[in-house]
Structure formats: C-alpha cells, structure tokens
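Colleague: I would like to learn how to read contacts in a model. Can we work through one together?

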Amino acid sequence: SDLELAVLAAVARGAVHLTILGAMGGPRFDHALANAWLLAHPALDGRTAVLLDARSRVRLLSARPDGDAVAAGRVEVILAGIPGDLVSLFPFGTDALGVTTHGLAYPLRDEPLHAGPARGLSNVRTAAEARVSLRSGRLLIVETRDTKGNP
C-alpha cells in the first residue's frame, strides 16, 4: 500500500517514532485493517508506531519469544489519556499471555487474552495514566475518546 511505502521510506531515513495520521480507512474497512496490520511490519521492530485520528489511537505491544522483551520478563506501555475513555485490547495473531493492566475499571492480572473472544473490548480508563503489560504475544491497543463525557 502507499502507507507501507511511506513507512518504509520513513524507516530508511532513520525514523524511530512514527505517528501516522489518516490511516483509519475512512469508508474502506479493508484499508483500516491493512493499516492496523502494518503496525506488525518487521521494518518497525524496535520502533514505535501509532495510528492516530481525532477519536482513536492504535498501537501494537509486542513481547515475542525471539526478542529482548521476554528475556526481561515482560513489556509495558503507558497510556496517557482522560478518565472515562475506552481502552480495548485485542490479541494480535495469536493468544496474548500474561496481560496485566493498571488504571482500567476491569483489571487483568497476568491473564491470557485468547484470539477470537472479545474479552478485552471496551475497558474504561479510571486514571489519566493507565498501563498495559504483556509477557508473551502481541496486543493491538485501541484507545477511544469518550465522546459522551469528553467532547
């Protein structure tokens, strides 16, 4: 896709933090999916990439067996936002193991999220800083603004 070519060009120029705007697909759900899957592109290993629009932020948290993250035990991401916003966690490609959350209404404590069931859908942020950590696998993290309470 054009976005993949743009990401590869940015990486070739040394980018280590990518914020990608306009990638949620508009009327094309297939493009939205392709762009979310692009977060797992091997060229982005060791870099941070975020899809961003006016209401949503999407990122991928990876703790793969062949990476340094597993040697350290787990990977973690800090999610800055507004209490009341939604945070959804989707296992990406396979089960996500050892998922732990802080600052969310429905906490997970070193638990699995299995590919298929929607158990990680629509959790509610209870603090300005939430945390998600992972021992093994990958999680697609989708943060959505609460438009009822936060215009």
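**Reading the contacts**

Modeller: Keep in mind that this is a predicted model. Start with Phe-92. Phe-92 has a relative accessible area of 4%, so the residue is buried.

Colleague: How many aromatic pairs does a search of the whole structure find?

Modeller: One aromatic pair turns up. The partners are Trp-37 and Phe-92, with ring centres 4.8 Å apart.

Colleague: Is that pair stacked or tilted?

Modeller: Look at the angle between planes. Under 30 degrees counts as stacked, and over 60 as edge-to-face. Here the planes stand at 45 degrees, so the pair is tilted.

Colleague: Which parts does the pair tie together?

Modeller: Trp-37 sits in helix H2, residues 29–38. Phe-92 sits in the loop between strand E5 (86–91) and strand E6 (96–102). The pair therefore ties together parts that are 55 residues apart in sequence.

Colleague: Now the strands. How should I think about side chains along one?

Modeller: In a regular strand, side chains alternate between the two faces of the sheet. Then list the partners. E5 pairs with strand E10 (residues 137–144) in the antiparallel sense, over six bridges. Within E10, Leu-140 is the bridge partner of Phe-90.

Colleague: How many bridges join E5 to strand E8?

Modeller: Two bridges, and the strands run antiparallel. E8 covers residues 123–124. Opposite Leu-86 stands Val-124 of E8.

Colleague: Next, charges. How many salt bridges does a search of the whole structure find?

Modeller: Nine salt bridges. For each, check the N to O distance, then the accessibility of both partners. Take Arg-28 and Asp-30: their closest N and O atoms are 2.5 Å apart. Arg-28 is partly exposed at 43% relative accessibility. Asp-30, at 41%, is also partly exposed.

Colleague: What is the salt-bridge partner of Arg-57?

Modeller: Glu-143, with the closest N and O atoms 2.8 Å apart. Arg-57 lies in strand E3 (residues 56–63) and Glu-143 in strand E10, so the pair ties together parts 86 residues apart in sequence. Arg-57 counts as partly exposed at 24% relative accessibility. Glu-143 is buried, at 5%.

Colleague: Where do Arg-135 and Asp-110 lie?

Modeller: Both are in loops. Arg-135 is between strand E9 (129–134) and E10, and Asp-110 is between E6 and strand E7 (111–113). Their side chains meet in a salt bridge at 3.2 Å, N to O. Arg-135 is partly exposed at 33%, and Asp-110 is partly exposed at 40%.

Colleague: Which residues do salt bridges with shared partners join into one network?

Modeller: Arg-57, Arg-59, Arg-125 and Glu-143.

How values were computed
Residues are numbered from 1 along each chain as its sequence is written. This is a predicted model: local features need pLDDT of at least 70, side-chain atom pairs count only at pLDDT 80 or more; totals for chains, interfaces and linings use all residues. Side-chain values use heavy atoms; hydrogens and water are left out. Rings of Phe, Tyr and Trp (its six-membered ring) pair if their centres lie within 6.5 Å; planes under 30 degrees apart count as stacked, over 60 as edge-to-face and the rest as tilted. Helices (H or I, at least four residues) and strands (E, at least two) are DSSP runs, numbered from the N terminus. Buried means under 20% relative accessible area, exposed over 50%, partly exposed in between (1.4 Å probe, protein chains only). Two strands pair if DSSP finds at least two bridges between them. A salt bridge is a side-chain nitrogen of Lys or Arg within 4 Å of a carboxyl oxygen of Asp or Glu.
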